[in-house]
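Dear colleague,

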Amino acid sequence: MRRLVIVGAGPVGLTAALAAHHRGLDVSVVEADPRARVRPGSRAIFVHRESLRLLDRISPGLGLELADLGLVWGAKRTLWAGREVYERVYGPTRGPFPPFSSLPQSLLEERLRRACDRAGVRVHWGVRVTGAVSGPDGAAVRTGDGRIEGTHVIAADGARSVVRDSVGIALAGSSSGTDFVVVDVHDAQRPLKAERVLHYRHPAVDGRNVLLVPFRGGWRIDLQCAGERESAAFAADPDAWVADVLPGHRVAWVSRYRFHQRVAERFADGHGRVLLAGDAAHLFPPFGARGMNSGVADAVAAVDAVVEGGVQEYATRRRAAAVANCAAAGRACAHLLARRWPERVRQRAAALVAPVWEPAGRWLDTAAFGPRVHRVRY
Ligand SMILES: Cc1cc2nc3c(=O)[nH]c(=O)nc-3n(C[C@H](O)[C@H](O)[C@H](O)COP(=O)(O)OP(=O)(O)OC[C@H]3O[C@@H](n4cnc5c(N)ncnc54)[C@H](O)[C@@H]3O)c2cc1C
């Protein structure tokens, strides 16, 4: 029987565990943190319909539960220097799954954990993996007091993956020189209408770009800053500007976030026994919500590959998806940063004609999220 060891109980590791249980594998998860940990902040709030469907397939009812828990905003709008240049109001959702569900990552993880408990998945909490080895017949992870062996290992241990490093796979790419300040606020006593709002050149923050995204229980604010010193100043005193951007809301969490565009050189080791998934395999800027969503798709595909004997195909296919997602998120990031003058001129021209030519406003709205990636699953 195939025995799978999963390193990391983040959203990707827990998804892999549910998929493995669904496919009848003997599975155990090894997680460095204790079970009672509190993971701060909203982080990945946008769960795509495709992820909801996948989760529902491997754990019947879970996708629908997450759809019910989350929020679907009724409209999105884009403003330029405080003036609206684009609006789209959504109609009612068709079918059992909404186009997305917006909820804090901690809530998603809690529901994944519960589903794992119900399925009887074995999780070793508070056990740090220090390395991994593989051979033609299997793989093992080293922990402080021994080894855990399996026929395969899935590395879902995040951006600083020890497993990836110990099998000698590099995470190649670059990081943006621009910092973003990410702030969560709790819902005001009288909650605002749930709409996603993108501000180019918000007047209340000296013309910086601001993205406002509602999720269940609050709002997420992404403020684009020119560099480290600037983002440090905004992060140090969020109350000084958040009230001007989203009046009446209480700051719940502040973080600074530098965007990365990195993809692992290979998604599996040479023996086809260690498979990388999620942030261990790729890091993207968050525009288009590709990070966690593509990690969910990696997790399910990795387990299918272990069961069906298609590890090298997994590595090729999911790496191609990651490269496409990375490029799309990178384009969105470059659009928002608009470092070169032709990009700034194009944006300004679009804002100027948007009131009389709708495609210009639509372009300003969608460019910031990157092109849709066809032919590959997130
Ligand atoms: C501020 C912030 C904002 C973000 N916003 C977005 C967003 O808007 N949209 C989006 O899609 N994504 C966003 N992300 C990224 C998103 O959170 C990640 O893509 C997602 O968490 C990846 O899940 P994962 O399971 O691959 O890795 P992780 O969530 O990092 O989980 C890895 C797990 O492995 C465990 N682990 C690590 N090392 C070891 C070890 N040696 N032994 C055992 N266990 C180990 C960790 O404790 C952790 O539980 C954001 C992240 C941050 C920090």
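The lining of the second largest cavity divides into seven nonpolar residues, two polar and no charged, where Ala, Val, Leu, Ile, Met, Phe, Trp, Tyr, Cys and Pro count as nonpolar, Asp, Glu, Lys and Arg as charged, and the others, Gly among them, as polar. Please bear in mind that this is a predicted model, in which local features need pLDDT of at least 70 and side-chain atom pairs count only at pLDDT 80 or more, while totals for chains, interfaces and linings use all residues. Residues are numbered from 1 along each chain as its sequence is written, and side-chain values use heavy atoms, with hydrogens and water left out.

That cavity (a set of points, on a 1 Å grid over the protein atoms alone, where a 1.4 Å probe fits but cannot get out; lining residues have an atom within 4 Å of a point) has a volume of about 30 Å³, taken as the space filled by probe spheres set on the points, which are joined across faces, edges and corners. Its lining includes P11, T15, M292 and V296, and the elements giving two or more residues to it are α1, α2, α4 and α8 (helices are DSSP runs of H or I, at least four residues, and strands of E, at least two, numbered from the N terminus).

The largest cavity holds about 40 Å³ of space, and β14 supplies the largest share of its lining, three residues.

Separately, five strands form an open, parallel sheet in the order β7-β2-β1-β11-β17, where two strands pair if DSSP finds at least two bridges between them. Four bridges join β1 to β11, and I6 has I154 as its bridge partner in β11.

Best regards

Conventions: On a 1 Å grid over the protein atoms alone, a cavity is a set of points where a 1.4 Å probe fits but cannot get out, and a pocket is an open set with protein on both sides within 12 Å along at least five of seven lines; lining residues have an atom within 4 Å of a point.
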